[in-house]
Amino acid sequence: MRFRHRAAAGFTTLLLPFTGLMGLAGPAHAATSATTTATAATAAAGATATYAKTQDWGSGFEGKWTVKNTGTTALSSWTVEWDFPSGTSVTSAWDADVTSAGTHWTARNKSWNGSLAPGASVSFGFNGAGTGSPANCKLNGGSCDGGTVPGDAAPSAPGKPTASGVTNTSVKLAWSAATDDKGIKNYDVLRDGTKVATVTSTSYTDTGLTAGTDYSYTVQARDTADQTGPASAAVAVRTTGGPTDPPPTGAKVKLGYFTEWGVYGRNYQVKNLVTSGSASKITHINYAFGNVKDGKCVVDDTFAAYDKAYTADQSVSGTADTWDQPLRGNFNQLRQLKAKYPHLKVLYSFGGWTYSGGFAQAAANPAAFAASCKAVVEDPRWADVFDGIDIDWEYPNACGLTCDTSGAAAFRNLMSALRSEFGSTSLVTAAITADGSSGGKIDAADYGGASNYVDWYNVMTYDYFGAWASTGPTAPHAPLTSYSGIPTAGFDTADAIAKLKAKGVPSAKLLLGIGFYGRGWTGVTQSAPGGTATGAAPGTYEAGIEDYKVLKNSCPVTGTVAGTAYAHCGTNWWSYDTPSTIAGKMTWAKNQGLGGAFFWEFSGDTSNGELVSAINSGLS
């Protein structure tokens, strides 16, 4: 969604020097070219000019100047001058005539907006190119901050604030009053150098903070002539609470997938990782999925990723998003989650079942693909959110939703290029097939060679069997081991892990996969595996598949086979993992020396995260 703001009510301007904000998209203004010249107006005390960058779309930006008459007599005209650094310029403007001489820019009022009564203000805007900010501002030949009115000194600095009532999310501040010969009008409260409030009293309660986080507060006074005095001394505050201790070095990986689209119909937000208790029990999150188009990594749903606004009660930090903040959406929520749980690492996952068709073109030029991925993952707007990249190619040199013929070496070459591009300090991982059959998908690509370039593989040890075989036989979709009557030899976790080890993949680079969902058939009369069916069992979002949080109550477990569970209720037959079977799988993973476990995906778990808890306990 794109927004255009020319006179947004409530927008807070920033006094020069201005630090620009990164926005979302560039507006298209029908602006008037700046060509008119005029005689310079006389310098005026009691007037200010403030600047704000209201949008930034990478190659350009929108700027806004506001001129205010803070004096006691009317202004008949105004002229604002400033310097831009080389490479930054005004391309179009509205509500003022803007001219330039080299890097020096001058804006003069139109015939209809030059007169300003005491207390009145007027704004004009422009579109610009480049990344610089204005400097050396002059208003009517004088200082843009109004200067010092003769006989009127600026206010003194207030006393150093004191902090009290500190909680996980708030702190109360109080300070002694500043002094001024004409009187104090109000105080600006600054958190970490950024103004968060303007108050008329000598106290303020700041809310919406993050638990266990350090903040610094100062206060500035403003007198009745709108002159701002020096800042007070700073007080340091650390909110209570905060994250658990980070996992010890060498601890097992506990990774979950967070789906980009889950914020819609499933209404599963990043904050649910906090309320369920899951965030403190995992080590890594894969954000799924980025798309692969034209041989490049691209953001898929830009609205969900970085534009969707969250209210205070929906937000991890407890603070509502604003229309003009640089980053919103899931990315900003993940940033807040990492601030609350500093041990967490987040990877951007590309591909998946639906988007894997783009990898064939990517494999034709691995270096170009890797460069495009780094540009997305490390985009300056959210570079601090992601700690690396995950590739989910289903499947190299084999068939998934589509069939790939890139060759056995394509996957290795792709992972090698990604490691070269991202370097040794970023995580590079991949979700891979768990087909342990002879001549199956593991045999189709050089997973052994590619393992030299990855931190680990997410081995998708689930979805072995399901209602795509509409008449059965019924079989558990995530068997840990083979069993008598298994429909396809090698379609089990133990065989897949053994085959990957035999191809030279180190045990510590293999993560065991857990599905937080079940797969099922209907028209089934036989309770034990191996029965016939008439089709897929009904599911909330898709036939043949259902979340664990639903199945645990709607179709409780009636038996176990091959280290996983199954359930027969009425004519429906489901298989899924439970906290008990997960515990057994985690013990097996530790005995095999595996690097840990991962799961698909958070929203299938209960509201108190009982499956995540089982993984955490089992690997601890």
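Two strands count as paired here if DSSP finds at least two bridges between them. Everything below comes from a predicted model.

**View 1. Strand 3 meets strand 6.** Strand 3 (residues 79-83) and strand 6 (residues 104-108) run antiparallel, with five bridges joining them. Look for V80: its bridge partner in strand 6 is A107.

**View 2. Strand 2 and its two partners.** Nine of the ten residues of strand 2 (residues 60-69) are buried, so the rest of the structure largely encloses this strand. Strand 1 (residues 47-56) pairs with strand 2 in the antiparallel sense over nine bridges, and T50 sits opposite T66 of strand 2. Three residues lie between the strands in this hairpin, where G58 has a positive phi near 90°. Strand 7 (residues 121-129) also pairs with strand 2, again antiparallel and over nine bridges; here E62 has N127 of strand 7 as its bridge partner.

**View 3. Helix 10 and what covers it.** The buried residues of helix 10 (residues 493-502) are T493, A496, I497, K499 and L500. Down the helix axis they fall within an arc of 160°, so they line one face of the helix. Their cover includes strand 22 (427-432), helix 8 (441-444) and helix 12 (579-591).

View 4. D492 caps the N-terminal end, with a side-chain oxygen 3.2 Å from the backbone nitrogen of A494. After the helix comes G504, with a positive phi near 100°.

Note on methods
Residues numbered from 1 in each chain as written. Predicted model: local features only at pLDDT ≥ 70, side-chain atom pairs only at ≥ 80, totals over all residues. Heavy atoms only, no water. Buried < 20%, exposed > 50% of the residue type's maximum accessible area, 1.4 Å probe, protein only. Helix = DSSP H or I, 4+ residues; strand = E, 2+ residues; numbered from the N terminus. Arc of directions from axis to C-beta. Contact = heavy atoms within 4.5 Å. Polar contact = N/O pair within 3.5 Å; in protein donor to acceptor, adjacent residues only side chain to side chain.
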